[in-house]
Amino acid sequence: MALLLEVRDLQVEFRTRDGVAKAVNGVNYSVDAGETLAVLGESGSGKSVSAQAVMGILDVPPGKITGGEILFQGRDLLKLKEDERRKVRGAEMAMIFQDALSSLNPVLSVGDQLGEMFVVHRGMSKKDARNKAVELMDRVRIPAAGERVRDYPHQFSGGMRQRIMIAMALALEPALIIADEPTTALDVTVQAQVMDLLAELQREYNMGLILITHDLGVVADVADKIAVMYAGRIVESAPVHDIYKAPAHPYTRGLLESIPRLDQKGEELYAIKGLPPNLMNIPPGCAFNPRCPMAQDVCRTDVPPLYEVDGQGSVRRSACHFWRECLNG
Amino acid sequence: MPEQYESEGVISSAGTGGAMDLAVTEAETLERTPGGPEGTGPAGKPRSLWSDAWRDLRRNPVFILSGLVILFLVVISIWPSLIASGNPLKCDLAKAQEGSQPGHPFGYDGQGCDVYTRTVYGTRVSISVGVLATLGVALLGSILGGLAGFFGGGWDSLTSRITDIFFAIPVVLGGLVLLSVVTSNTIWPVVGFIVLLGWTQVYRIARGSVITAKQNDYVQAARALGASNSRILLRHITPNAVAPVIVVATIALGTYIALEATLSYLGVGLKPPTVSWGIDISAASPYIRNAPHMLLWPAGALAVTVLAFIMLGDAVRDALDPKLR
C-alpha cells in the first residue's frame with residue numbers, strides 16, 4: 001500500500017502564562033492509503049493537538065510546532081507557505097470534528113456550507129455548488145436531501161449533523177481524513193451507523209483515515225492499527241488485533257482492563273490509579289511511571305525508546321523497558 | 001386550512017400545535033414531489049439568514065408598527081409638504097402662544113409660528129442626524145472593532161486604549177466644549193461629534209462579538225476545510241457577529257436623535273433658523289405652564305421617533321437569532 005502520511009518526531013508546545021506545556025513530545029506515525037489508524041489516549045494525551053498540527057489548524061500562538069516533519073504524499077507540510085497549506089486543507093486532507101452542532105455555522109444553511117467547499121477550492125458557481133451539496137447529502141444518506149439542503153444545522157438530529165460533517169470532509173475526495181472523536185457526541189446506535197458509513201466511504205474512495213478516539217470499542221471494529229498516546233508520546237503502536245490479544249505496554253493494558261464487561265457484573269471496575277501528568281511538569285524517565293504497577297528504578301530515570309516488539313523490523317512497537325514482561329502478562 | 005400554510009414555505013417544522021403540524025406536513029409532501037434534486041425550493045431561491053429574518057419580521061406586529069412609523073417619518077422628512085402646507089419660518093408674533101384652532105391643530109409657538117408645520121419640518125433634521133450619525137458610528141466602530149477582535153495583538157491594544165480615552169469624555173460636557181466653537185449652521189458638526197463620541201460603543205460590541213464568534217468550533221472547522229482569513233471573517237464571523245451591532249445601531253439611532261435634541265436644547269447643537277425639535281423644545285420650555293402645547297408636540301414627536309427605532313432594534317434582534325425560530 002502507498003504511504004500517505006508520515007509524522008516524524010513531531011513536537012508541539014503551548015506557551016502560556018504559567019509556563020510551557022509540552023503537549024506533543026516526539027510523535028511518529030504513518031498512514032497508508034485505504035488504511036485506518038486509531039490514535040488512542042485520554043484527554044490531554046496530545047492526540048487532538050497532533051492532529052491539529054497535521055491539519056495546520058493549531059492556534060498559533062499559544063501553540064508552536066517546535067520540531068519534526070509531517071510528510072504528506074512526500075511533501076513536508078511544515079515547510080509549505082500558508083496559502084499553499086490552505087489549498088491542501090479541505091481538498092487533500094479534511095477533518096471531521098467531534099461536535100457537529102458547534103462545528104457547523106449556525107447562520108448558514110447546510111447547503112451553503114457544503115457548497116462552500118466547491119466554491120473555495122473549485123471555483124464553482126453557487127448554483128453548481130448547491131447541486132453538488134445535494135449530491136453529497138444523498139451520498140451520506142440524508143433523506144429528502146433536495147429539500148433539506150436549505151435547512152440550518154439546528155434543524156437536524158445529531159446523527160444527521162455528523163453525516164453532514166462527513167459529507168463536508170468527503171466533498172473533494174481527499175486522500176486523508178482525520179476524524180477527531182467523530183462519534184463521542186452521539187448515542188450508541190447512531191454511533192454504529194455513523195462509523196459504518198465512514199468506513200464504507202473510506203473503502204469506496206481508498207482514503208487514509210486517522211481516527212482519534214478514546215473509545216476502544218469503536219477502534220476494535222474499524223481500525224487496522226493503533227497508536228496509543230500518553231503525555232504527548234506514542235507508548236505503543238501495533239496492528240489492532242495484536243494489541244487486543246496482548247498489550248505490550250502497561251498503560252494499554254490498563255486501558256483494556258478498564259473497559260466494563262458483561263461477565264464482570266458485580267465486580268469493581270478496574271481503573272488506572274492516579275491522574276495523567278501535568279504537561280508543564282512531565283515526570284522524568286517514563287511519563288507513566290508514577291501510575292505504573294510494573295515501574296522499577298530504571299523507569300524513573302531513563303526515557304524508554306520505542307522498542308521493536310516481535311524482533312527486528314517489526315511494525316509493533318512499545319515504549320516500555322519491560323515490554324517482554326508486559327506481553328507475557 | 002392548508003392553503004394558509006403552503007404560502008409560508010416548506011420548512012415551518014417548528015409548528016406550535018398538532019393541527020398545524022399536520023397541515024404543514026401535507027403541504028410539505030405536496031411540494032416535495034416536483035421539487036426534485038435541484039436544491040431550490042418552491043420559491044426557486046436559496047434561503048439565507050436574511051431572508052428568514054425578513055420572513056419572521058413580516059409577521060411581527062412590533063416590527064410592522066415601528067416600521068410603519070419610521071417609514072412615515074422618513075417620507076415626511078423627505079417631502080414635508082405632503083402633510084404640511086405652511087412655511088415653518090413664516091411666523092406671526094400677534095398669534096404667539098395661541099392654542100389649537102382650525103387649520104392650525106397644534107397651535108402657535110412663542111414666536112407665533114405654526115407648531116404643526118414646525119414639528120413636521122423638524123422630522124427632516126432629526127432623521128438626517130440620526131441616520132447619518134448611525135451610519136458613521138456603525139461603519140467606523142464595526143470595521144475597527146471587527147479587525148481588532150479578529151487579529152488581536154498590537155492593533156487591538158492600541159485601538160482599545162483609544163476607545164477607553166473616548167469613553168472617559170462625558171457626552172454633554174464634550175458637546176458643550178467642542179460644539180460651542182463651531183459656527184457652521186449645518187447638521188455636519190453635530191453628526192461629526194456624535195460619530196466621534198459614539199463609535200466606541202459599536203467598536204466594543206463589534207470587537208466582543210467577533211472574539212466570541214472567532215472561538216466557535218465552526219471557525220476552526222472552516223479553517224480545516226481550507227477557508228482563507230478573509231473568507232472566514234466575511235462569511236463565517238461577520239454574519240454571526242453582526243446582529244448585536246445592528247441591534248445596538250438601531251437603538252442608538254433613537255438615542256442619537258435624542259442627543260441632537262439635547263445638544264440643540266443646550267444651544268450648542270443646531271441653531272435657528274434650522275427647524276429642529278430640540279430647538280423648539282428649548283424655546284418652549286420656559287412656557288410649559290402657560291402654553292404646554294408648544295412643548296408637548298415636538299417632545300411627543302421626539303419620543304415617538306426614539307421609541308420606534310428602539311422597538312425596531314428589538315424586533316430585528318429577535319429575527320436575527322436563528323435559535324429563536
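Two strands pair if DSSP finds at least two bridges between them. Helices (H or I runs, at least four residues) and strands (E runs, at least two) also come from DSSP and are numbered from the N terminus. The views below come from a predicted model, where local features need pLDDT of at least 70, side-chain atom pairs count only at pLDDT 80 or more, and totals for chains, interfaces and linings use all residues. Residues are numbered from 1 along each chain as its sequence is written, while chains are lettered from A and ligands numbered from 1 in the order in which they are written.

View 1. For 329 residues, a compact globule would come out near 20 Å, and chain A has 21 Å, which agrees.

**View 2. The open sheet of 4 strands in chain A.** Here the strand order is S2-S1-S4-S5, with antiparallel pairing. At the edges sit S2 (19-32) and S5 (75-76) of chain A, each pairing on one side only. Zoom in on S1 (residues 3-16) of chain A, and you find 11 bridges tying it to S2(A) in the antiparallel sense. Two of the bridge partners to look for: A:Glu6 goes with A:Ser30 in S2(A), and A:Leu3 goes with A:Asp32 in S2(A). The hairpin that joins S1(A) to S2(A) uses 2 residues.

**View 3. Helix H1 across the sheet of chain A.** H1 (residues 47-55) of chain A lies across S1, S2 and S4 (63-72) of chain A, and runs at about 115 degrees to S1(A). Residues count as in contact if their C-beta atoms, placed from the backbone, lie within 7 Å. Axes are lines fitted to C-alpha atoms, for helices over the stretch in contact, and angles run from 0 to 180 degrees between N-to-C directions.

**View 4. The open sheet of 8 strands in chain A.** This one has mixed pairing and reads S6-S7-S8-S3-S9-S10-S12-S11. S6 (93-96) and S11 (307-308) of chain A are the edge strands with a single partner strand each, so one side of each has no neighbour in the sheet. S11(A) runs antiparallel to S12 (residues 317-318) of chain A, and 2 bridges join them. In S12(A), A:Ser318 is the bridge partner of A:Tyr307. Helix H7 (residues 158-170) of chain A packs on the sheet, where it touches S6 and S7 (176-180) of chain A, and its direction makes about 170 degrees with that of S6(A).

**View 5. H5 meets H6 in chain B.** The axes of H5 (residues 115-151) of chain B and H6(B) come within 7 Å and cross at roughly 140 degrees. That makes H5(B) oblique to H6(B) (under 35 degrees is roughly parallel, over 145 roughly antiparallel, 65 to 115 roughly perpendicular, and the rest oblique). The crossing is left-handed, a label for a near helix turned anticlockwise from the far one by less than a right angle, with clockwise giving right-handed. B:Leu144, B:Leu147, B:Ala148 and B:Phe151 in H5(B) meet partners in H6(B) including B:Trp155 and B:Asp156. By class, the contact of H5(B) with H6(B) has 5 nonpolar, 3 polar and 1 charged residues. For the classes, Ala, Val, Leu, Ile, Met, Phe, Trp, Tyr, Cys and Pro count as nonpolar, Asp, Glu, Lys and Arg as charged, and the others, Gly among them, as polar.

**View 6. H6 against H8 in chain B.** H6 (residues 153-167) of chain B and H8 (residues 188-214) of chain B have axes that come within 9 Å and cross at roughly 130 degrees. The pair is therefore oblique, and the crossing of H6(B) and H8(B) is left-handed. On the H6(B) side, B:Thr163, B:Phe166 and B:Phe167 meet B:Leu197, B:Thr200, B:Tyr203 and B:Arg204 in H8(B). Those contact residues divide into 4 nonpolar, 2 polar and 1 charged.

**View 7. H8 alongside H10 in chain B.** The axes of H8(B) and H10 (residues 229-265) of chain B come within 9 Å and cross at roughly 155 degrees. H8(B) and H10(B) are therefore roughly antiparallel, with a right-handed crossing.

Conventions:
Two residues are in contact if their C-beta atoms, placed from the backbone, lie within 7 Å. The radius of gyration is taken over C-alpha atoms; the globule rule is 2.2 Å times the number of residues to the power 0.38.
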